[in-house]
Amino acid sequence: SVYGRNWDGYGDATATPDHIAALFSGRWANGGKYSWEYVHVFSWSGDLVAVLRLDRDVRGIALDRAHGRLFSACANGNFVVSDVQKETVVTMLPIGARADGAGFDASKGLAFTSNGEGTLTVVRADSSDKFSVVGNISTAVGARTLAFDPGSRRIFTITATLGEAPAPTQEQPRPRRPIVPGSFRLLVLAD
């Protein structure tokens, strides 16, 4: 169950013609909050090729097939670049707050993460082991879910305006803020 004590499953996933990388959570942490700190890499035949433990709360992942690099957007404000074959961390770069999605544009060698603070962080692969933050593009507060279309090279993210949270109850001690009707927005970013 998602809100029970027996959470065990996969969150985000990304794929290339050779591998599937899936964000895995197999335990509860911090008084009931899930922790996504493992990435399982599979072959298309279903064989587990690698397990990466990032010791961080990962929220979104993307894969650079040509160089075997996994990009992980973490809740602690870091963008972690890992070597899938060696199962090691190559580097960590600063990103915006409340990251949730990650993508990689192989044609340009750019990785990116959508951040709930209202930015999209763009990272350039200078080489297979050197990366740099190109900059942060303004999006909208709450726009942290991400999809990338490599055909059109467009990045899609969504957000909505949130209303006031209802008063806490015994059943809902930390109620979520509701979405204001009619405020849902799809943002499309292109170069």
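Q: Quick one before we start. What does "buried" mean in terms of relative accessible area?
A: Buried means under 20% relative accessible area. Over 50% is exposed, and anything in between is partly exposed. One caution: this is a predicted model.

Q: Fine. Is Asp83 buried or exposed, then?
A: Asp83 has a relative accessibility of 8%. The cut-off for buried is under 20%, so Asp83 counts as buried.

Q: Which side chain does Asp83 meet in a salt bridge?
A: That of Arg69. The N to O distance is 2.9 Å. Asp83 sits in strand 9, residues 78–83, and Arg69 in strand 8, residues 69–74. The pair therefore ties together parts 14 residues apart in sequence.

Q: And Arg69, buried or exposed?
A: Arg69 is buried too, at 6% relative accessible area. Its side chain also meets Asp129 in a salt bridge, at 2.6 Å from N to O. That pair links distant parts of the chain, 60 residues apart.

Q: Where is Asp129?
A: Asp129 is in the loop between strand 13 (119–125) and strand 14 (131–138). With a relative accessible area of 49%, Asp129 is partly exposed.

Q: Which residues are linked in a network of salt bridges?
A: Arg69, Asp83 and Asp129.

Q: How many salt bridges does the count come to?
A: Five. One of them joins the side chains of Arg124 and Asp126, at 2.7 Å from N to O. Arg124 is partly exposed, at 37% relative accessible area. Asp126 is partly exposed as well, at 35%.

Q: Let's zoom out. How many helices and strands are there in the protein?
A: Zero helices and 17 strands.

Q: What is the radius of gyration of the protein?
A: It is 17 Å. The globule rule gives 16 Å for 191 residues, so the protein is as compact as a globular protein of that length.

Q: What box do the C-alpha atoms fill?
A: Roughly 50 × 40 × 30 Å, taken along the principal axes.

Q: What share of the residues is buried?
A: Buried residues make up 42% of the 191. The protein exposes about 10,600 Å², and carbon and sulfur atoms supply 52% of that area.

Q: What about contacts between residues 24 or more positions apart?
A: They account for 37% of the contacts with a separation of 6 or more.

Q: And the charges, how many are positive and how many negative?
A: The protein has 20 positive and 19 negative charges. Their mean positions are 5 Å apart.

Q: Back to single residues. Where is Asn115 found?
A: Asn115 is in strand 12, residues 110–115. Asn115 is buried, with a relative accessible area of 0%.

Q: What does Asn115 touch?
A: Leaving out residues up to four places away in sequence, Asn115 touches Ile95, Gly96, Ala97, Arg98, Ala99, Leu120, Thr121, Ala143 and Arg144.

Q: Now Ser72. Buried or exposed?
A: Buried, with a relative accessible area of 0%. Ser72 lies in strand 8. Beyond residues up to four places away in sequence, Ser72 touches Leu54, Val58, Gly60, Ile61, Asn78, Phe79 and Val80.

Q: Where is His19 found?
A: His19 is in strand 2, residues 19–25. Among the residues His19 touches are Thr14, Val41, Trp44, Leu63 and Gln85.

Q: How many residues apart are His19 and Ser45 along the chain?
A: They are 26 residues apart. Their C-alpha atoms are separated by 9.3 Å.

Q: Last topic, the backbone. What is phi of Glu87 near?
A: Phi of Glu87 is near 55°, a positive value in a residue other than glycine. Most residues other than glycine have a negative phi. Glu87 is in the loop between strand 9 and strand 10 (88–94). At 41% relative accessibility, Glu87 counts as partly exposed.

Q: And what phi does Arg153 have?
A: Arg153 has a positive phi of about 60°, although it is not a glycine. Arg153 lies in the loop between strand 15 (145–149) and strand 16 (154–159).

Key:
Residues numbered from 1 in each chain as written. Predicted model: local features only at pLDDT ≥ 70, side-chain atom pairs only at ≥ 80, totals over all residues. Heavy atoms only, no water. Helix = DSSP H or I, 4+ residues; strand = E, 2+ residues; numbered from the N terminus. Rg over C-alpha atoms; globule rule 2.2 N^0.38 Å. Buried < 20%, exposed > 50% of the residue type's maximum accessible area, 1.4 Å probe, protein only. Contact = heavy atoms within 4.5 Å. Areas by Shrake-Rupley, 256 points an atom, 1.4 Å probe, with all protein chains shown as cover. Lys, Arg positive; Asp, Glu negative; His and termini not counted. Charge placed at Lys NZ, Arg CZ, Asp CG, Glu CD. Salt bridge = Lys/Arg side-chain N within 4 Å of Asp/Glu carboxyl O.
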